[in-house]
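Hi everyone, thanks for making time today. I'd like to walk you through a few spots in a structure that may be new to you, so let's bring it up on the screen.

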Amino acid sequence: MATKPAPGSELRDLYSGESARLQKKFAVTGDGRAAINDRTALVEAICLRLWKVLISPQVEEPRNFTMVALGGFGRRTLFPHSDIDILFLHAGGGIEAGLKDGIRSFSQELWDLRMKLSPATRTLAECEKFDANNVEFAISLLDCRYLAGDRSLFERLHEQVIPKLVVRESRSIVQRLTDLTRERYNKYGNTVFHLEPNVKDGPGGLRDHNLAHWLALIAAMEETSGWPDEKTVLPPWLRAKFDSALDFLISVRCFLHFRQGRDDNTLEWVAQDQAAERKIGAPDAEPLTASDWMRIYFGHARLIHRVAAQLMEEFPAARPSLYRQFQNLRSRLSNAEFSVVDGRIFLQRQEALSDPELPLRMFRFMARHGLGLSSATEHQIEEVLPALAAAPPKGAELWHHLQEILLAPHAADALRTMHSLRLLTPLLPEFQAIDSLVIRDYSHRFTVDEHTFVAIENLHNLRKSQSKWDQGYAELLDELEQPDLLYLALLLHDTGKGTRPDNHVAGSLEVAEVCLARLDLDPPDRETVLFLIRRHLEIGAALRRDIFDPEMIRQLAEKMGTPERLKMLCLHTYADIKAVNPEALTPWKAENMWQLYIATANVLMRSVDERVHGDVDDEVMTHLRTLTPAAGKKLETFLDGLPRRYLRTQTASEVIRQMEMASLLDSDPVQLELTRGRHWYELTLVTRDRPFLFARMCGALAAWGMNIVKAAAFSNEAGIVVDTFFFTDRFQTLELNLPEWERFKASIHDVLTEKADLDRMLRDRLRSEKNVVPKVKVETRVEIDDECSAHSTLVEVIAQDQLGLLHRISSQLSREDCNIEIALIETEGQTAIDVFYLTSSKAKLTLGHQQRLRATLLNELAKK
């Protein structure tokens, strides 16, 4: 055993100097493959130098002890900041006792170089045993590579132990691999098409490439009981494309590591711009926009994901026994054209592909039964694709096939597969413009084409949902006379984002008109589809208004025209919002949309009420009087003059509690109630109205670092205000410290009674967050509508969400002598959408007042 001190400073200089050289070289060439080869060689050289100093001066000594590279180090794919996995393997029999100090010193030297080393020490016998609690170690052995020490010991590991282990435990290894993969897929929404994808862990990333390699390797080892020729693991027709996709992802990950200076694998928007400018992974391409470059990325990622998913599904060990039994039952679905094996579709006769309609019948079969295509079938389709694209079905014939696919329960998966195989765009050329299209909207999670498929999927999933609101929407879907037109509208509703991103609704209408003419739809059906596309933002916009304002509801009903169109547009909006991201359609928004649907349907059926009067004998008032028979006049006084929206959005118990809070105002002029909901905190304020009240409340929440996600403000005839704020606790101040609840409420109370210096509190908070840079720039807009309400002037402010925004807006409203009758506050991603129903001297704002207010707000929000 060597005892000489390790050359620490010399190695640090070598490592830092060579790492800097590698980065400069990559900056010039953009060659990711060369970068990972060079870093692997650098780390290996350092390891061998340390071995000679700390373990043995002879690289192939001592006996019965060897150093093995695992993981990316074993694959020779060490990225600039990736982990280094090393196995110290020994034969046992006490030899490890004399090696511990050397191993410890060896590891410490690498850690001192700031390498992320993950060392493991095992005996050969331990490697042979399968540990169900650490299957990952068995998987890591698939990438093992000799570095130094007793080569014969490594050969025993590589040639005997690992093949026996894999053959014996393949089912458990593959099952664990697939379990881990499905967990990973779920984390990323089971789709490749994220706007800011993770190039390592996301579907279609480098981890999927490793998965495909491992599964193919295990399958080959099962057949041969040994290591196969690497060139035969994947079929030749796939290997070239697979290697090309890998080279691209390697270059992208190297670019991200060098750019960030750490193991950061998220392809953010700014990184996309820079990668496109430098043509990372595509050095021979023409100048690229970020959207063009991302299409190249998604093309490679889609291929890798498709192959990995197919191998996972086609590997028998990857499926639980009950699943295999179910798939065997589905084999009975085989017919004269298609056979079904393990849930995968195979062609009975390849020559049948000369029939141009066969692929459409196949995808209809897939959409009806929830099956996937086998890799062999996909390859067969790809081979005949040029002929299919040259003479695709057209007119009513194409619409008939598309109609059947859209109506089938697994339509989204069938459409995704058609799109992945490049079959959808020959049939619907309009879809080409949104293929893998990234639109930089912070609230959206997916590319435009994937958003479309998710929207269609959302409607089909309604019938399986147990959610209260989903069941209501499912009933609407079942009531539709022509659901196929709704699905077609969803398929086309965002196609304009690829042609006219400045006005995608107009663009989508232009695209749809061409498409519908080619499909030869009947004129009434064309008009229905165009209506849904033209109005597809209408209900979403109405949700940012007072959904219980009779005038707004009447206007919406006029636009709908018929109950059938209202149902279709409501379902379209449901599917569209839910497809934005998994959190976009909150229970609150789903409920509001349902309430809006009911109210608008009532107008179409000629039944609606306008406002609350305390002495009216309607169903809600009767119920409240039943619950509080002693309240009598007090209840009527409290409710008198409150907008109808108040009773629609509050439960009976909340109304009664807030009435009691109002009765206590003589003893304490500020009544507060704080509760914890599932998604956010809810703070209710009951007090007498006064200037700057809403603004001070918003400022107090901002000073505590709370993020207001929505708010509602109401006042009655007697000037009693009921304001409710829903907010998230960004710093977990309340969540981690329950005694803080009382201090928080006391602080709010002091602000509202002007005992606390709100300006100072806000300055302290803003100072601590002044360097926060928004990811997306939102253009400030102030829209004023004097027609949508009979009593108030509506002002909508759309701006960059930021700390204290609502406080600044509402302060200006107060300074301009505006009374907030209703406030509807919402945040979508980094966009704040705040709607206020305003009066001044109990009347609508005059035209001059409106113009002055708009200028004041724009001037305020232009300030940094």
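Let's begin with a question: in which helix does Phe26 lie? Phe26 sits in helix α1, which covers residues 8–29. Before going on, please keep in mind that this is a predicted model.

Is Phe26 buried or exposed? Phe26 is buried, and its relative accessible area is 3%. And what is Phe26 in contact with, once we leave aside its neighbours within four places in sequence? The partners are Asp31, Gly32, Ala35, Ser251, Cys254, Phe255, Phe258, Arg278 and Ile280. Take Phe255 from that list: Phe26 and Phe255 are 229 residues apart along the chain, and 8.1 Å separates their C-alpha atoms.

Now please find helix α4, residues 100–112. Helix α4 has 13 residues, and from first C-alpha to last it reaches 18 Å, close to the 18 Å expected at 1.5 Å a residue. Its buried residues are Gly102, Ile103, Phe106, Ser107, Glu109 and Leu110. Looking down the axis of α4, you'd find these buried residues within an arc of 155 degrees, so they line one face of the helix. On the other side of α4, the exposed residues are Lys100, Asp101 and Arg104. Just after α4 comes Arg114, with a positive phi of about 65 degrees.

My last stop is helix α35, residues 847–861. This helix has 15 residues and reaches 21 Å between its first and last C-alpha, close to the 21 Å expected at 1.5 Å a residue. Which residues of α35 are buried? They are His849, Gln850, Leu853, Thr856, Leu857, Glu860 and Leu861. The arc they cover around the axis is only 130 degrees, which puts them on the same side of α35.

What do the buried residues of α35 pack against? Here we have β12 (781–785), β13 (793–800), α34 (805–815) and β15 (831–839).

Let me finish with α34 from that group. The axes of α34 and α35 come within 10 Å and cross at roughly 150 degrees. With angles over 145 degrees counting as roughly antiparallel, the two helices α34 and α35 are therefore roughly antiparallel to each other. Their crossing is right-handed. On the α34 side, the contact is made by Leu805, Arg808, Ile809, Gln812 and Leu813, and on the α35 side by Leu853, Thr856, Leu857, Glu860 and Leu861.

Key: Residues are numbered from 1 along each chain as its sequence is written. This is a predicted model: local features need pLDDT of at least 70, side-chain atom pairs count only at pLDDT 80 or more; totals for chains, interfaces and linings use all residues. Side-chain values use heavy atoms; hydrogens and water are left out. Helices (H or I, at least four residues) and strands (E, at least two) are DSSP runs, numbered from the N terminus. The expected span of a helix is 1.5 Å times one less than its number of residues. Buried means under 20% relative accessible area, exposed over 50%, partly exposed in between (1.4 Å probe, protein chains only). The arc is that of the directions from the helix axis to the C-beta atoms. Contact means heavy atoms within 4.5 Å. Axes are lines fitted to C-alpha atoms, for helices over the stretch in contact, and angles run from 0 to 180 degrees between N-to-C directions. Angles under 35 degrees count as roughly parallel, over 145 as roughly antiparallel, 65 to 115 as roughly perpendicular and the rest as oblique. A crossing is left-handed if the near helix is turned anticlockwise from the far one by less than a right angle, and right-handed if clockwise.
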